[in-house]
Amino acid sequence: MPDPGPLRPDEPLPPPPATGWEEPTLLAASLAPDPAAFADTVRRVNPTLASQCLRERAAPDATTADAVRQDLLRLMRDSTVHLRARLAVGEALGDLGDPRFEGIDVDGQRVLLPPLVAMPGGPFRMGSSRWAVWWLTRRGFPARDELPRHRVSVPAFAIGRYPVTNAEFACFLAADGYEDDRWWTTESARRWRRGELESRVVEDWLNPWRTIKADPNLPRRRGLSAYQIARWEKLVAMDEIEVRTTAAKLRVQRFMNQPAYWHNDRLNNPSQPVVGVTWFEVRAYCAWLEARWRAAGSQCRRPLAAGESVRLPTEAEWEKAARTPANGRYPWGDRWAADRANTAEGQVLRPTPVGVYPAGATAADVHDLSGNVWEWTSSHYRDYPYYAYDGSNSETEVPFVVRGGAWDNDRQYARSATRGGDHPVNFDFDLGFRVVVSLANSE
């Protein structure tokens with residue numbers, strides 16, 4: 001595949017070059033007397049184009065569609081396939097229906113169950129060494145919140161293999177999850193739904209605006225990506241009234257019955273991680289998913305046992321998953337590699353379909369822990385040492401830890417130890433989550 005050449009900081013990696021056969025093939029597919037046979041022939045040469053042929057049909061042949069899905073999965077899992085091609089493959093898989101997620105119907109509601117990876121209980125070393133923090137700080141990266149490195153033990157748990165996708169979250173929307181009071185269990189969550197916490201959004205814009213206004217070189221010293229620096233420069237060029245107006249408008253314009261960027265074409269492919277969700281929304285999703293999963297009983301491949309719950313990971317669980325079993329600086333080991341994670345270095349400039357960086361998975365096959373989207377946890381953002389029950393009081397409106405870095409961050413944010421903190425009302429186009437299942441009788 002040809003190199004796209006130099007890109008501007010705000011210019012995303014382009015899609016694979018067209019072959020010239022796309023339009024004639026789709027036209028032929030619409031006219032073919034045996035559409036399934038035609039799509040199957042195309043599949044042997046170009047599964048991505050075959051998926052487009054199938055989507056032209058109101059009811060595509062199930063056997064052919066399954067064969068195309070398996071071909072797309074094979075290509076997406078092959079790290080020797082060019083990234084631009086893998087991205088196109090992942091998006092095609094999302095549009096056609098992703099077989100990695102088990103689909104069930106519970107009381108007339110569609111539910112997609114996440115594939116899980118079991119994590120052993122036991123101790124691990126959480127945080128970074130003094131030497132690593134000194135090295136990062138010298139280069140402008142604020143890593144002091146990773147000190148001190150300390151021993152933490154967690155019970156066994158199971159973590160989602162991938163961040164929660166748009167396809168999964170769409171089931172919550174279709175079930176009227178935003179309108180069902182059962183899933184919004186705290187007064188803070190109900191206040192958010194009523195729009196009573198919007199002033200917090202404005203303050204979260206104003207605080208960094210004031211800081212950077214006073215120190216314009218701060219974003220560069222903090223190691224922000226060129227894409228992020230360009231965004232901050234636009235914000236800092238505003239006066240305070242403009243900032244307040246822009247932040248308030250963003251808050252008012254978002255609907256309270258769906259994620260903030262639900263209709264943004266760059267962010268809403270079914271296989272991309274869902275973004276633009278507050279801490280309150282992801283907690284409601286977890287409560288809904290647990291209830292639907294439990295109600296499914298034996299009709300699903302892995303029923304929830306008595307005593308198991310679906311929730312956000314604690315900060316310690318998230319880091320243990322990222323470090324198991326290699327205990328490396330990154331989920332795959334100690335050496336950075338730009339082709340293993342969706343960060344600013346790759347200049348994709350959007351969330352990628354989950355699992356398109358197979359070489360970046362952990363040895364236990366947990367994907368996208370480095371880059372792609374920041375992930376909410378259930379732990380309050382406080383100084384170490386880590387305290388297991390910090391965050392159990394979900395009524396406290398203080399920042400919660402986010403982990404993993406995102407597509408618009410440079411590589412230092414994608415380390416296993418990197419910590420961030422976001423207020424629970426925050427929503428952004430690089431902020432998502434994954435679930436864990438607390439295992440019954442775990443030690």
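I'll start at the surface: W131, W134 and W135 make a nonpolar patch of about 390 Å². Patch residues have over 30% relative accessible area and no salt bridge, with nonpolar side chains (Val, Leu, Ile, Met, Phe, Trp, Tyr) joined within 5 Å and like charges within 9 Å. A salt bridge here is a side-chain nitrogen of Lys or Arg within 4 Å of a carboxyl oxygen of Asp or Glu. Areas are Shrake-Rupley values with a 1.4 Å probe, and for residues only the protein chains shown count as cover.

This is a predicted model: local features need pLDDT of at least 70, side-chain atom pairs count only at pLDDT 80 or more, and totals for chains, interfaces and linings use all residues. Residues are numbered from 1 along each chain as its sequence is written, and side-chain values use heavy atoms, without hydrogens or water.

W135 sits in helix α6, residues 130-138; helices are DSSP runs of H or I, at least four residues, and strands are runs of E, at least two, numbered from the N terminus. With a relative accessible area of 33%, W135 is partly exposed, since buried means under 20% and exposed over 50%.

Next, the largest pocket. Its lining has 49 residues, and D204, P208, W232, D422 and D428 lie nearest the centre. A pocket is an open set of points on a 1 Å grid over the protein atoms alone, where a 1.4 Å probe fits, with protein on both sides within 12 Å along at least five of seven lines; lining residues have an atom within 4 Å of a point. Helix α9 gives the largest share of that lining, eight residues.

Last, A65 in helix α4, residues 62-76. A65 is buried, at 3% relative accessibility. Its C-alpha atom is 9.6 Å from that of R43, 22 residues away along the chain.

How values were computed: Buried < 20%, exposed > 50% of the residue type's maximum accessible area, 1.4 Å probe, protein only.
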